[in-house]
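Let's work through a few exercises together. Keep the picture in view and try each task before reading its solution.

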Amino acid sequence: MKRLLLLISSLGLFVGALWLGWSFRAANALSIDLDLIWLRIPDLELWWVLFLAICLGASLATIVVGFAWLRGRVLNRRYRKVIGRLESELHQMRSLPLASSENATFAEEPDRVALGRG
């Protein structure tokens with residue numbers, strides 16, 4: 001049942017996209033002359049120019065967002081490495097003894113040792 005619903009909705013989206021594209025093309029069938037600074041293209045349909053502008057804008061936005069996403073992934077990986085290194089260092093420090101035998105008196109009687117009465 002779930003697969004049939006997915007198939008029907010996918011088919012509906014496909015037919016809707018075809019209808020939308022055909023309607024867009026029919027509504028913008030006007031021929032124009034595209035005059036850029038260094039290039040002139042005569043008799044170009046308006047829907048084609050709009051489609052290329054949309055694709056160019058989407059591509060540029062994808063590149064910008066992609067670089068930002070990639071930068072975030074690289075920083076995340078770098079931070080995970082640093083965190084792993086710091087956690088292993090902390091684990092090594094926890095396995096060290098707290099005080100040696102000669103400093104045991106200082107740990108037990110800090111006032112007398114600090115004042116020189118020890």
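A salt bridge is a side-chain nitrogen of Lys or Arg within 4 Å of a carboxyl oxygen of Asp or Glu. Before you start: this is a predicted model, where local features need pLDDT of at least 70, side-chain atom pairs count only at pLDDT 80 or more, and totals for chains, interfaces and linings use all residues. Residues are numbered from 1 along each chain as its sequence is written, and side-chain values use heavy atoms, with hydrogens and water left out.

**Exercise 1.** Work out how many salt bridges the structure holds, and which side chains meet there.

*Solution.* Start with the count: there is one salt bridge. Next, find the partners: Asp 33 and Arg 40 meet through their side chains, at 3.4 Å from N to O. Now check the cover, using these cut-offs: buried means under 20% relative accessible area, exposed over 50%, and partly exposed in between (1.4 Å probe, protein chains only). Asp 33 has 43%, so it's partly exposed. Arg 40 has 52%, so it's exposed.

**Exercise 2.** Compare Asn 28 with Leu 30: is each one buried or exposed?

*Solution.* Second, read the areas. Asn 28 is buried because its relative accessible area is 16%. Leu 30 reaches 55%, so it counts as exposed. Third, look for contacts (heavy atoms within 4.5 Å), skipping residues up to four places away in sequence. Asn 28 touches Leu 46, Trp 47 and Leu 50, while Leu 30 touches Leu 44, Glu 45 and Leu 46.

**Exercise 3.** Find out what stands out about the phi of Asp 43, and how far Asp 43 is from Leu 30.

*Solution.* Begin with the place: Asp 43 belongs to strand β2 (residues 40–45). Its phi is near 50°, a positive value in a residue other than glycine. Then take the cover: with a relative accessible area of 62%, Asp 43 is exposed. Last, the distance: Asp 43 and Leu 30 are 13 residues apart in sequence and 9.1 Å apart in space, C-alpha to C-alpha.

**Exercise 4.** Locate Arg 80 and decide whether Arg 80 is buried or exposed.

*Solution.* Look along helix α2 (residues 46–94), where Arg 80 lies. Its relative accessible area is 51%, so Arg 80 is exposed.

Notes:
Helix = DSSP H or I, 4+ residues; strand = E, 2+ residues; numbered from the N terminus.
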